[in-house]
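My entries below follow the order in which I looked things up.

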Amino acid sequence: MDAIFNSYTLQIITMCCINIIIVQGLNLISGITGQLSLGHAAFMSIGAYTVTLLMLDLNVPFWLALPLAGLIAGLAGFMLGVPILRLRGDYLAISTLGFGEIVRVLFLNSTTTHGALGISSIPHYTTPLISVILAIVGFIVMFNLTNCRFGLALRGIREDEIAAEMMGVNIAKYKMLAFAIGTGFAGIGGALYACQITFISPGDFAFTRSFEQLSMLVLGGTGSLLGVAAGVIILTVIPEVLRFATEYRMVMYGLALLIIMVFRPQGLFGNIRVNL
Amino acid sequence: MLKVKNLKTNYGKIQALHGVSINVYKGEIVTIIGANGAGKTTLLNTISGILKSSAGKISFNGTDITNVPAEKIVRAGLVQSPEGRQIFPLLNVEENLQLGAYLRADKERIDEDLRRVHEMFPRLNERRKQLGGTLSGGEQQMLAIGRALMSKPELLLLDEPSLGLSPIFVQQIFEVIREINSQGTTILLVEQNAHVALQTADRGYVIATGQIIMDDDAKALLKHDSVRKAYLGG
């Protein structure tokens with residue numbers, strides 16, 4: 001057992017669980033509701049900074065700061081949703097991208113967040129056990145959310161907004177709720193990330209991170225909860241496995257992405273193609 | 001039941017409806033016929049709250065529903081089955097119908113209506129688990145109408161139910177429309193296929209460039225010279 005569960009593999013497992021929580025949130029927004037977001041990392045960063053500042057500056061205990069991080073990220077998502085969720089497809093994607101950059105630059109220039117220096121020596125609270133438990137809880141919550149009336153309405157919005165509206169679905173309200181819950185998940189994941197890595201800086205949450213999360217979602221299968229787990233695990237583990245290839249690592253990573261997309265454009269577990 | 005008075009709707013600066021007035025009484029089938037771009041769909045979408053009007057008044061059962069959100073209009077019993085079918089392609093037939101009953105909570109009545117829809121369209125029962133997008137055009141139209149019926153409308157708006165269907169399916173769909181009507185649902189029907197629409201309806205309106213240019217009994221319109229020339233091919 002010790003050979004498998006050493007500190008290195010445990011760290012990978014923890015990162016997988018954290019990413020599963022975050023991408024589960026993205027799946028609710030982009031996969032289930034069909035609202036393409038390219039700024040998911042911004043909400044992760046809001047969660048990460050919230051938990052860090054609450055703990056370090058205000059001495060809030062971790063178990064209170066963690067849900068608060070999710071709440072504040074969800075609130076930020078909700079407030080962003082008010083103006084931009086009327087946009088569709090690529091217009092929405094570009095505005096979420098813009099929002100992600102705004103958040104990053106704000107953290108970069110604020111003195112409370114120590115700007116580009118970032119914040120170090122964050123207490124290490126995220127154990128593998130906690131991350132696994134929270135990933136499972138998140139999974140159960142998502143499963144129930146997407147398989148009830150609420151989830152059906154969200155999928156209706158994804159399929160055809162006008163038809164959903166004609167059936168009496170209040171699309172503005174439901175998009176906003178999906179956005180708030182999805183970004184809340186990103187906030188929780190971001191908080192766990194901060195307490196795992198113990199150091200955060202604005203550069204950790206650049207748009208490349210959002211793209212990475214979107215790749216995980218698309219690769220695993222948009223709209224599928226199992227697909228999220230598969231996509232996250234594959235894209236977290238592949239770079240580790242490829243360490244032997246040293247400088248060719250990212251080339252092979254890219255190649256793996258390419259091959260999967262050519263042969264399974266709907267993702268490993270999905271049946272939906274993403275429309276930009 | 002439905003009173004539309006001097007309704008005007010714009011797309012940006014372009015005015016699509018120039019003061020349309022129509023009435024629909026309880027129990028009727030009323031049709032609005034007209035060419036492409038005459039404003040038929042615009043009119044229905046404005047009535048059902050998808051589009052906002054810039055002037056005029058719409059009232060339903062005596063309540064003003066002008067520019068009320070679509071969701072509240074559905075709740076009041078006015079439901080539209082959209083043009084080009086617009087079913088949910090990646091939801092299965094059953095889920096599509098469930099979304100039709102989205103605003104209702106009375107489980108037993110919903111099941112009862114589901115049975116009624118299945119009786120009306122046995123094909124939908126056979127294909128319960130099939131994805132909406134994999135149905136044929138005619139089946140999708142059945143699904144769209146079935147879905148609208150699941151919300152138990154008092155007034156059903158149908159936007160071009162014959163669009164893209166083979167003649168035999170058109171006959172079938174219109175038989176069903178008559179049946180729905182005989183079971184107590186009032187119907188407002190928009191059609192390019194003027195012939196079959198006027199044969200089915202009690203009364204008709206002719207719309208051209210955003211204005212009602214004629215209204216009469218459907219039978220009278222069928223015989224009317226200018227209608228025959230313009231919409232029935234001589």
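**Entry 1: chain B as a whole**

I began with burial: 48% of the 234 residues of chain B count as buried. Here a residue is buried if 20 or more other C-beta atoms lie within 10 Å of its own, exposed if 12 or fewer, and partly exposed in between, with C-beta atoms placed from the backbone.

I noted the ground rules next. This is a predicted model, in which local features need pLDDT of at least 70 and side-chain atom pairs count only at pLDDT 80 or more, while totals for chains, interfaces and linings use all residues. Residues are numbered from 1 along each chain as its sequence is written, and chains are lettered from A and ligands numbered from 1 in the order in which they are written.

I looked up the elements of chain B and found ten helices and ten strands. These are DSSP runs numbered from the N terminus: helices are H or I with at least four residues, strands are E with at least two. The radius of gyration of chain B is 17 Å, close to the 17 Å that the globule rule gives for 234 residues, so chain B is as compact as a globular protein of that length. That radius is taken over C-alpha atoms, and the rule is 2.2 Å times the number of residues to the power 0.38. Along its principal axes, the C-alpha trace of chain B spans about 45 × 40 × 30 Å.

I then checked contacts. Two residues are in contact if their C-beta atoms, placed from the backbone, lie within 7 Å. In chain B, residues 24 or more positions apart account for 67% of the contacts with a separation of 6 or more.

**Entry 2: a sheet in chain B**

I traced an open sheet of four strands in chain B, in the order β2-β1-β4-β5, with antiparallel pairing. Strands pair if DSSP finds at least two bridges between them. Which strands stand at the edges? They are β2 (14-24) and β5 (63-64) of chain B; each has a single partner strand, so one side of each is left without a neighbour in the sheet.

I looked further in. Strand β1 (residues 2-11) and strand β4 (residues 55-60) of chain B pair in the antiparallel sense over five bridges. Lys8(B) stands opposite Ala55(B) in β4(B). Helix α1 (residues 40-47) of chain B packs on the sheet and touches β1, β2 and β4 of chain B. Its direction makes about 70° with that of β2(B). For such angles, axes are lines fitted to C-alpha atoms, for helices over the stretch in contact, and angles run from 0 to 180 degrees between N-to-C directions.

**Entry 3: strand β9 of chain B**

I turned to β9 (residues 203-208) of chain B. Five of its six residues are buried, so β9(B) is largely enclosed by the rest of the structure. Strand β3 (residues 29-33) of chain B pairs with β9(B) in the parallel sense over four bridges. There, Ile32(B) stands opposite Tyr205(B).

I also followed β9(B) to strand β10 (residues 211-217) of chain B; six bridges join them, and they run antiparallel. Ala208(B) stands opposite Gln211(B).

**Entry 4: chain A**

I counted eleven helices and zero strands in chain A. For 276 residues, a compact globule would have a radius of gyration near 19 Å; chain A has 18 Å, which agrees. Of those 276 residues, 49% count as buried.

I picked out helix α2 (residues 40-58) of chain A, where 15 of the 19 residues are buried. Its end C-alpha atoms are 26 Å apart, which agrees with the 27 Å that 19 residues should span at 1.5 Å a residue. The expected span is 1.5 Å times one less than the number of residues. Just after α2(A), Asn59(A) takes a positive phi of about 55°.

I looked up Ser215(A), found in helix α9 (residues 207-220) of chain A. Is Ser215(A) buried or partly exposed? Ser215(A) counts as partly exposed, because it has 16 C-beta neighbours inside 10 Å. Not counting residues up to four places away in sequence, Ser215(A) touches Leu235(A) and Leu257(A).

**Entry 5: where the chains meet**

I finished at the contact, which takes 16 residues from chain A and 20 residues from chain B. On the side of chain A, α6 (149-159) and α7 (161-166) are the elements that give two or more residues. The largest share, five residues, comes from α6(A).
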